[in-house]
Amino acid sequence: MVKLVMADLDDTLIPFGADHASASAISAIHSLLDAGIHFGPVTGRVPATMERMFQNDVACYQTGAFANGQIVTVDGKTIQRVMISGEALRKVSLFLDNMNVNAWLAVYNPEDLRDVNLVTRFPERVKANPPETWGKSVFGIVPDVQDREYLKANIQCSCSRDQMILIRDRLRKLVPGLSFVMPSLTAKVVDVNAGEWDKGDSVRLIADYLSVSLEEVVVFGDSENDLPMIKSVPNSVAVANADIEVSRAARWHIASAKDDAVATAMLDIARASKEGGEPTFFQ
């Protein structure tokens, strides 16, 4: 019997280009909650973005893992906060500046969506070829990171996918204390996370906190940063638009994010729970 459902947002629950979860997805989440099943997003985004992404429906994100699991909440209570050191992030920003590519470290204030800055000593490069997020979710430029800890950071790019992969791979060697993963096949972003914590850790933490076995958990994902949670539970699900590694690692497969497939699957889970059976997509 399923007792906990956790879903990545971008390109999984929410198709690329959409600003928020669909009405049918939000309705499906409530079907889970009504059946006594916990639901939570597992996302690279910070909690402050959830109000918009779930259309002010707080019940949809009372439980969840944010900033790729560095902030974890259960029923509105924060049970985990994992920080990234400013010293490690400084190595990232200096590497990007010295590499002279159109990619920049972005640092976030998780409580203020306007307080998001690119870190570079060369602001003219940003202005010459800004990332797609410039003026939309990233608003300023600072010359250096502060000597403090951060909850969220990533690399915003206006370079090719091949260059993004090169940046990711080189940074993995240069700063082994951090992890560098692609959160999307479409967005030009490389997520920067604390190396000792990921989405899989956060799913296991929430399940343990709720006294739910991993066999009673279902997770949905599509991208490289979802792999740890896809590998962490027996009932992992990939959408049809998922990265090939995620598809291979997932036990179950459903239709694409653009078809609202996760919403359909969640309704299936809620129905099966009430009937005492298994979701049809488990077969």
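**Close-up 1. Glu216, a buried residue with a relative accessible area of 17%, in its salt bridge with Lys3.** In this predicted model, the closest N and O atoms of Glu216 and Lys3 lie 3.3 Å apart. The pair joins distant parts of the chain, with Glu216 in the loop between helix H6 (199-209) and strand E14 (217-221) and Lys3 in the segment before strand E1 (4-7), 213 residues apart.

**Close-up 2. The salt bridge between Arg121 and Asp97.** The closest N and O atoms of Arg121 and Asp97 are 3.2 Å apart. Distant parts of the chain are linked here as well, since Arg121 belongs to the loop between strand E8 (116-119) and helix H4 (123-128), while Asp97 belongs to helix H3 (residues 86-99), 24 residues apart. Arg121 is partly exposed at 40% relative accessibility, whereas Asp97 is buried, with a relative accessible area of 4%.

**Close-up 3. The salt bridge between the side chains of Asp226 and Lys199.** The N to O distance between Asp226 and Lys199 is 2.6 Å, and the pair connects distant parts of the chain, with Asp226 in the loop between E14 and helix H7 (227-230) and Lys199 in helix H6, 27 residues apart. Asp226 counts as buried, at 0% relative accessibility, and Lys199 is likewise buried, at 0%.

**Close-up 4. A network of salt bridges.** Arg168, Asp169, Arg172 and Glu224 are the residues linked in this network. The structure as a whole holds 15 salt bridges.

Notes: Residues are numbered from 1 along each chain as its sequence is written. This is a predicted model: local features need pLDDT of at least 70, side-chain atom pairs count only at pLDDT 80 or more; totals for chains, interfaces and linings use all residues. Side-chain values use heavy atoms; hydrogens and water are left out. A salt bridge is a side-chain nitrogen of Lys or Arg within 4 Å of a carboxyl oxygen of Asp or Glu. Helices (H or I, at least four residues) and strands (E, at least two) are DSSP runs, numbered from the N terminus. Buried means under 20% relative accessible area, exposed over 50%, partly exposed in between (1.4 Å probe, protein chains only).
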